[in-house]
Amino acid sequence: MSNTSSEDFEKVDPSSHSPTEDSNDKDQWQSETEDKHNETDLLTERMSKAAANAPKNKQEFYLASHAIFVQVERLRKQLRSRSSNISLPSTFQLSKNEKSALANYAKDYTSLVYAYLDHVINADNDSEDKAHFQNLARLLDLTERVCFSQEDGDSMISELRDWLNFNWPLDVSTACGTDTVQRDPDDDELVIVEHSDISNKSDDNMEGRKKDHWRLIQRLLLRGNIKQAIYLLESQMPKCTSSMQGHLVRFISLLKAMPCISTKVTPRQETAWSEWISKRKMEHEEFLRLKTEDDDQVDTLYNIIHGDKHTITQSGTLLESFIGTMIYCDPFQNAKQLGDLANLVNAHVDCDNVTAASFYILTHNWDQAFISYDDYWLQTHLGHLLITSGLLDHGDDSQDTILAEMDQESCTGPVQSITHVFAQMITTEYDMWSEAIDYIESCDVNREYWAANILDKRTVSSDIPHLKKMLKYCEDRGLSRSRRIMDLKIAKKYDGNGDQSNAIIHYALAKDIVAVDQVAERILKRYLKEGILDPVSRVGGDIKSTMMQSKHYAFLVQYTHLKDLLEDKKYNDAALLSKQLLQSPDVPNGYEMRLLLDLLPVLEASNDVVIFDQKDTLNLIRLLQHISHQDPSSSARLKQCLSMNLANALLASS
């Protein structure tokens, strides 16, 4: 469970902590024990540690929550590997260590929100921001108590009572009148706190103040704040009729005899509670026998502790009614049984979204809880934690969907969809693209598609070093589609900078054959126009196979090799390669003449050694006749060399 020292929460009623079983001589629900002081010390220590590392802005808050998310996701993947089904019911059982880890992660989230809330309050930030994180803290604190801090079979009354009193403390001053309240300065039970549910009343409206007084007592009983209720009842007794005073004395005596309900339920507690139930019934029957028409307020109080559904739901807020029903109807209910109480409590139609979400958390109706409090951060992180714990359906259809096409979006659960939206938000607002990818990777079926979309939007203005960093990130995580998108963007950057060689490599890595072909074609055209041949990257393996699917690139590679052979005067090899290129149907425009001109050194060398035989020479002459108009001046020299080569070939064959 989690607390904070914010202005709205600092005046916390210490009586909200659970009592111990050994308080037989006192009011067992409120007695202060050494255990309660120890619990307070632990809470204070926890809050101090959280405050020391509190985020100073929203981006730091998001970064801190991301760090917790990554740890939870690592555990989720471990658990998933043990399960043959990705949807509930899970086929794995959580070990003790895994349960402990999840409890710690829940505590980390709650502590983080409280710490940042404390910073927001101290920094005097926007009141809406303060209210928002205050609500997040309330909901996370409740979820931690209900789902992660208890063992199976533990009673939930102490936890829920503490939570409600801590987050929505009641103000006893308006009902009693602060001038008349007398209390021991060492008694921390009756701390006066602000509470929006109690409106200010004018001093001349005495009747209204009386109603507020009884209303407050009713709500204190629903919350299990018995000592406070007794204090107010005793302060009210002098103003009551003698008949009502007698009823109140017996009622107060009954409250003081009420046994404690600690977290660990024992047979002794169950026996004590059963005996008190019998006493409660006898006292109620006696009251009904003696009551008059002026005793309606006492009648209401008896109905509350007697567990009357109608009275309970009419006497307090939705959450007070829920806890009151637990206390007086079945105080030994554990977390798994809370949903059964939903049928006993009428949800208030007009309650605020935080109250509604709290009610649905209590009843484990997670879909309605997330709908009631529509917050992307909460839905992402709490939803993910619940999925990892096996409390919420993951949302993926089957294992087969993991192999879904990367170029299409698959149907998935609401938590995954919200996580995608949250990832987009932190990328847009804070450039947290790597963190966004981590969030998206928690959705197995759409991780490729969503990650690629985020990176596609993120990299518009990025430079090459940054793009390569992102590329490495994608490679390390096996995000194939995202990796291709990054390669494509890097290729376009190189292409725009005039680095054709690296552009071709990254276009090929991106599987963009059309782009590879276009760049190779530009290189070949530039050589014809300017005589500058850009170097070709020396690559192998799959990337080379991809490149060679481009007809222009394949020709460029062979032509570059031809130039190297000619430079090294390897004329026989050059002649063979030239013949192959000229016979190819994919010779680019203008390169038939270029190849013939490149052959001049070979033809001139054939005066001593025959390189082209008669048939090959005749084919070259026929080709020259068809393309001589492209370069008339060079054609004459070529014709002369070919004629000489033909004569030598005829002599050699005779």
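Among contacts in the protein between residues at least 6 apart in sequence, where contact means heavy atoms within 4.5 Å, 70% join residues at least 24 apart. The structure is a predicted model, in which local features need a pLDDT of at least 70, side-chain atom pairs count only at pLDDT 80 or more, and totals for chains, interfaces and linings use all residues. Residues are numbered from 1 along each chain as its sequence is written, and side-chain values use heavy atoms, with hydrogens and water left out.

**Overall composition and confidence**

The average pLDDT, the predictor's confidence in each residue on a scale from 0 to 100, is 80 for the protein, and 78% of the residues score at least 70. Over residues 1-37 the pLDDT is below 50, although this stretch has 119 contacts in the model beyond near neighbours in sequence. Residues 397-406 also stay under 50 in pLDDT, and for them the model has 17 contacts beyond four places in sequence.

**Two helix pairs**

For the two pairs below, axes are lines fitted to C-alpha atoms, for helices over the stretch in contact, and angles run from 0 to 180 degrees between N-to-C directions.

| Helix pair | Axis separation | Angle |
|---|---|---|
| α23 (residues 513-530) and α25 | within 7 Å | roughly 40 degrees |
| α16 (residues 376-389) and α17 | 9 Å | about 135 degrees |

The angle makes α16 oblique to α17, on a scale where under 35 degrees counts as roughly parallel, over 145 as roughly antiparallel, 65 to 115 as roughly perpendicular and the rest as oblique. α23 and α25 are likewise oblique to each other. The crossing of α23 and α25 is left-handed, that is, the near helix is turned anticlockwise from the far one by less than a right angle, whereas clockwise would be right-handed. α16 also passes α17 in a left-handed crossing.

On the α23 side, the residues that meet α25 are V516, D517, A520, E521, I523, L524 and Y527, and their counterparts in α25 are K551, H552, Y553, F555, L556, Y559 and K563. Between α16 and α17, the residues Y376, W377, Q379, T380, H381, G383, H384 and I387 of α16 meet V415, Q416, I418, T419, V421 and F422 of α17.

**Buried positions**

I504 is found in helix α22 (residues 500-509) and, at 3% relative accessibility, counts as buried. Leaving aside neighbours within four places in sequence, I504 is in contact with V516, V519, A520, I523, M547 and Y553.

Not counting residues up to four places away in sequence, E283 touches R250, L254 and Y302.

Helix α5 has 11 of its 11 residues buried, so it is largely enclosed by the rest of the structure; among these buried residues are W163, L164 and F166, together with R161 and D162. D171, in the loop between α5 (157-167) and α6 (173-176), is buried with a relative accessible area of 11%. The C-alpha atoms of D171 and L216 are separated by 8.5 Å, while the two residues are 45 apart along the chain.

D431 has a positive phi of about 55 degrees although it is not a glycine. D431 lies in the loop between α17 (414-430) and α18 (433-440), and is partly exposed at a relative accessible area of 38%. K569, also a residue other than glycine, has a positive phi near 60 degrees. K569 sits in the loop between α25 (551-567) and α26 (571-583), and its relative accessibility of 62% counts as exposed.

Terms used:
Helices (H or I, at least four residues) and strands (E, at least two) are DSSP runs, numbered from the N terminus. Buried means under 20% relative accessible area, exposed over 50%, partly exposed in between (1.4 Å probe, protein chains only).
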